[in-house]
Amino acid sequence: MTDTTISHLDALEAESIHIMREVAAEFERPVLLFSGGKDSALMLKLAEKAFWPARIPFPLMHVDTGHNFPEVLDYRDRRAAELGTPLVVASVQKSIDEGRVHEETGPKATRNRLQSVTLLDAIEEHGFDAVFGGGRRDEDKARAKERVFSFRDDFGQWDPKNQRPELWSLYNARHRKGEHIRVFPISNWTEMDVWQYIEREEIELPSIYFAHRRQVFRRDGMLLALTDFVKLLPDEELEELTVRFRTVGDATCTGAVESPATTAEAIILEVAASRITERGATRADDKFNEAAMEDRKKEGYF
Amino acid sequence: MEMLRFATAGSVDDGKSTLIGRLLLDSKQIFEDQLESVERTSREKGFDYTNLALLTDGLRAEREQGITIDVAYRYFATPRRKFIIADTPGHVQYTRNMVTGASTADLALILVDARHGVVEQSRRHSVIASLLSVRHLVLCVNKMDLVDYDQLVFDRISEEFREWAGKLDITDLTFIPVSALHGVNVTSHSPNMGWYDGPTLLHHLEHVYIGSDRNLIDARMPVQFVIRPMSDAYHDYRGYAGTVAGGTFRPGDEVLVLPSGLTTTIAGIDLYGEELSEAMPPQSVTLRLADDIDISRGDMICRPNNAPRATQEIEAMVCWFSERPMTVGGKYAIKHTTRSARALVRDLHYRMDVNSLSRDETSPTLTLNEMGRVSLRITTPLFVDEYRRNRTTGSFILIDEGTNETVGAGMILDT
């Protein structure tokens, strides 16, 4: 009698692959959001597996706030080139230049929220009908209630009170022209699962995920990196620390954590011991209020 | 590490959110910032204690109304298992939410208040778990602290429920007395209930045997996607990608393909460059076949001597999710495995009252949150098994072709 136990990583992988194949079969123009962050790196690996030995049958898209870590952009471009997969870059700067959105002002201005408009414009421009996002249900209370196939109306809005029931592994892909479906193939993965899988599959990540020396300053209880896009407030001081990033977003609101972890294995040990959620520790954008994520999602955010 | 999915049912009054909060807290899955946020909100709202329900009520409308609207998914892990909780609310849209949560669950956790015993809602949830073929059911008798941890109370409730549950299709029934508020028998025992020598809830969740719940006998793989790389390196490659829905497949196995009825053998099983010696549920793989036969999405790969029924007539228990009722003569889009078609409702034999299990044979419609036995005629053959035998090849959803909403879910019966 052979061992028929399926490990949690294999079960999660199988579920994600199933979801990606459903999308490739049922939609005309899917696209995979690829920021170069670890969750999108995971999605990309799963997409490779789902269609091997064929190429991934949809393009990648990066919503570029213009406030990037250069290591992440290098990684993004290199991965797309290695896979031979087309990459669409939707630029928030262009949306600002064209007057579609207005830049926030003040020292704590961020372009995070502006991304929704750029994303929706790009979806419309390219006629995408399914958009893969790397959102996970363990990240936030609003995300915990989102479907794997999450319907968006022709304004790109999410209606959390009127979601389609989702049963078994039967996903309802039906939509009218102009509407689209956000698809979250890694909904059921936790931060720990993601890191365990990254280690097991030896998935390459941008170097900023691992410990390095960096000039940082403290703001709102977080360590922010010194970049060209932020100005120090009078009471803020620069210091050089050994840090790593737990998420990769807009450089103006993505915080680092002090850590000596230089490998996925070391990070897994830190995650296991961590007492603060990934978003709580490192994303200023979610700290606004209890419903910050829900409000942004309704507007069309990832 | 194995994964266990379980659905919890009950209302805020039963202490369900407190119990989940306790499981997460005691297994160290609640993070400091989440707890801080809940403590702050509880203070602002003037509660005397930290309301752990706030951890799970995610949407603004839910917090405003103090009720849980939608199924929420929660995650925790111990060194033995990873758990996915489908937390289904008790009040609003109860059937729809419970059915959704139970559809993927290995185990159902039902809470009753020790002071009130088994109430209508506990019975309703148990019936739904049974209809959805959730094999393991745990009845947690909560708030034991409010009945002085009295063994007689627990025994009486357990006995009453066991007797009633005889009518259900549940293979494994477990009773655990707990106090979620004080953490008794959730993750550790307490001297307050020295008379209880069974497992704690967490211990049970970690050890309950689910290995034989999957169907490893009837080989089934609905074809999801045909992989043809059209590249120089893999010029002639043709693979049939899908998720194994039952049984096992091995290279060399003779297989039957439906609807063509042609047979061939498995040349290889691929997963990203790795050749597998075996594939079983719930693996997502790609099968290569020895002969070049015409196969497309929606076809079924099975074994010549063990095939699902190919039929355009289906008998099923259907749960209805829409305010627009299901009527005899109604037409809907149907999705079954990877096959899409249209379905006509030919007959509604009866509507089932999930509280009394009684049948109403006079009802002309199924409305929101109702269930009934239905006959459907399908525009094209589907390859089906009885739902009790296979949850994947035995289930389907119905979609309103006008609004594109998912309006019903069906479990196929043997005929």
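D148(B) is exposed, because 10 other C-beta atoms lie within 10 Å and a residue counts as exposed at 12 or fewer. D148(B) sits in the loop between β5 (136–142) and α6 (151–165) of chain B. This is a predicted model. In it, D148(B) has a positive phi of about 55°, although it is not a glycine.

Is N185(B) buried or exposed? N185(B) counts as buried, because 28 C-beta neighbours lie inside 10 Å and the cut-off for buried is 20 or more. Look for N185(B) in the loop between β6 (172–177) and α7 (201–207) of chain B.

Next, turn to the peptide bonds. Most peptide bonds are trans. In chain B, the bond from L258(B) to P259(B) is cis, with omega near 10°. P259(B) belongs to the loop between β10 (254–258) and β11 (262–271) of chain B. Chain A has a cis bond from W52(A) to P53(A), with omega near 0°. P53(A) lies in the loop between α2 and β2 (60–64) of chain A.

Now step back to chain B as a whole. It has 7 helices and 23 strands. Its C-alpha trace spans about 70 × 55 × 40 Å along the principal axes. Buried residues make up 48% of the 415 residues. Consider the contacts in chain B between residues at least 6 apart in sequence: 68% of them join residues at least 24 apart.

How confident is the predictor? Chain B averages a pLDDT of 90, and 92% of its residues score at least 70. Where pLDDT is low, the predicted coordinates should not be read in detail. For the complex, the predictor gives an ipTM of 0.93 and a pTM of 0.93.

Move to chain A and find D138(A). It lies in the loop between β4 (130–132) and β5 (149–152) of chain A. D138(A) is buried, because 23 other C-beta atoms lie within 10 Å. Which residues does D138(A) touch, not counting those up to four places away in sequence? They are T190(A), E191(A) and Y75(B). D138(A) and W189(A) are 51 residues apart in sequence, yet their C-alpha atoms are 7.6 Å apart in space.

E191(A) leads us to helix α6 of chain A, residues 191–201. This helix packs with helix α7 (residues 264–273) of chain A at an angle of about 165°, and the axes are 9 Å apart. That makes α6(A) roughly antiparallel to α7(A), because the angle is over 145 degrees. Their crossing is left-handed. From α6(A), the meeting residues include E191(A), M192(A) and W195(A). From α7(A), they include A264(A), E265(A) and I267(A).

Helix α2 (residues 38–51) of chain A also approaches α6(A). The two axes come within 11 Å and cross at roughly 55°. That makes α2(A) oblique to α6(A). The crossing of α2(A) and α6(A) is left-handed. On α2(A), K38(A), D39(A), L42(A) and K45(A) make the contact. On α6(A), the partners are V194(A), Y197(A), I198(A) and E201(A).

How values were computed. Residues numbered from 1 in each chain as written. Chains lettered and ligands numbered in written order. Predicted model: local features only at pLDDT ≥ 70, side-chain atom pairs only at ≥ 80, totals over all residues. Helix = DSSP H or I, 4+ residues; strand = E, 2+ residues; numbered from the N terminus. Contact = placed C-beta atoms within 7 Å. pLDDT = per-residue confidence, 0-100. Axes fitted to C-alpha atoms, helices over the stretch in contact; angles between N-to-C directions. Parallel < 35°, antiparallel > 145°, perpendicular 65-115°, else oblique. Left-handed = near helix turned anticlockwise from the far one by under 90°.
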